[in-house]
Amino acid sequence: VSLYPEQRWARAAPYPSLNVKDIDGCDDHVVKLLPEELQAASDLPPGRSSLVIGHFLGVDHIGHRFGINHGQMRRKVGDMDRVLNKTIAWAEKETA
């Protein structure tokens, strides 16, 4: 049983995510696949809509494991800021 069965999505790339000791693996997997997924969504014919979901878990895992004031949280939030900034820059370039 899966929370998000693949037959609901045109594309899926599941990754084991329930290990709170893993603070980078799941996020790195999403970061690796995100550019390709964004481009695939952008390449759809006019009139076709798309939704790209990247489920990042590192911040959550660090919060549960170490708390919000731990140095790993600062690092991971910086990682997420960089991912968001790259995604925003990509979207702005694609829609210019």
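Reply: Here are the ground rules, then the fold, the salt bridges, a few residues and a pocket. This is a predicted model, in which local features need pLDDT of at least 70 and side-chain atom pairs count only at pLDDT 80 or more, while totals for chains, interfaces and linings use all residues. Residues are numbered from 1 along each chain as its sequence is written, and side-chain values use heavy atoms, with hydrogens and water left out.

Me: How many helices and strands are there in the protein?
Reply: The protein has three helices and zero strands, running α-α-α from the N terminus. Helices (H or I, at least four residues) and strands (E, at least two) are DSSP runs, numbered from the N terminus.

Me: What box do the C-alpha atoms fill?
Reply: Roughly 45 × 40 × 15 Å, taken along the principal axes.

Me: And what share of the residues is buried?
Reply: Buried residues are 19% of the 96 in the protein. Buried means under 20% relative accessible area, exposed over 50%, and partly exposed in between (1.4 Å probe, protein chains only).

Me: What about contacts between residues at least 6 apart in sequence: what share joins residues at least 24 apart?
Reply: That share is 61%. Contact means heavy atoms within 4.5 Å.

Me: On to charges. How many salt bridges does the structure hold?
Reply: Six. A salt bridge is a side-chain nitrogen of Lys or Arg within 4 Å of a carboxyl oxygen of Asp or Glu.

Me: Which residue does D24 pair with?
Reply: D24 pairs with K76, and their closest N and O atoms are 2.8 Å apart. D24 lies in the segment before α1 and K76 in helix α3, so this bridge ties together parts that are 52 residues apart in sequence.

Me: What does the side chain of D27 meet in a salt bridge?
Reply: K76 again, at 3.1 Å from N to O. Because D27 lies in helix α1 and K76 in helix α3, that pair ties together parts 49 residues apart in sequence. D27 counts as buried, at 1% relative accessibility.

Me: What else does K76 touch?
Reply: Not counting residues up to four places away in sequence, K76 touches I23, D24, D27, G58, V59 and I62.

Me: And D79, which residue is its salt-bridge partner?
Reply: R82, at 2.7 Å from N to O. D79 and R82 are three residues apart in helix α3, so about one helical turn separates them. R82 is partly exposed, with a relative accessible area of 48%. Salt bridges that share partners join D24, D27, R75, K76, D79 and R82 into one network.

Me: Change of topic. Where is H61 found?
Reply: In helix α2, residues 58–65. H61 counts as buried at 4% relative accessibility. Leaving aside neighbours within four places in sequence, H61 is in contact with S17, N19, V20, D22 and I23.

Me: What about Q39, which helix holds it?
Reply: Q39 is in helix α1 and is partly exposed, at 30% relative accessibility. Not counting residues up to four places away in sequence, Q39 touches W90 and E94.

Me: Last topic. Which residues line the second largest pocket?
Reply: V31, L34, P35, L38, R82, V83, K86, T87 and W90. They divide into six nonpolar, one polar and two charged. Ala, Val, Leu, Ile, Met, Phe, Trp, Tyr, Cys and Pro count as nonpolar, Asp, Glu, Lys and Arg as charged, and the others, Gly among them, as polar.

Me: Which helix gives the largest share of that lining?
Reply: α3, with five residues. Both α1 (25–42) and α3 (71–95) supply at least two residues each.

Me: How much space lies in that second largest pocket?
Reply: About 170 Å³. A pocket here is an open set of points on a 1 Å grid over the protein atoms alone, where a 1.4 Å probe fits, with protein on both sides within 12 Å along at least five of seven lines; lining residues have an atom within 4 Å of a point. Grid points are joined across faces, edges and corners, and the volume is the space filled by probe spheres set on the points.
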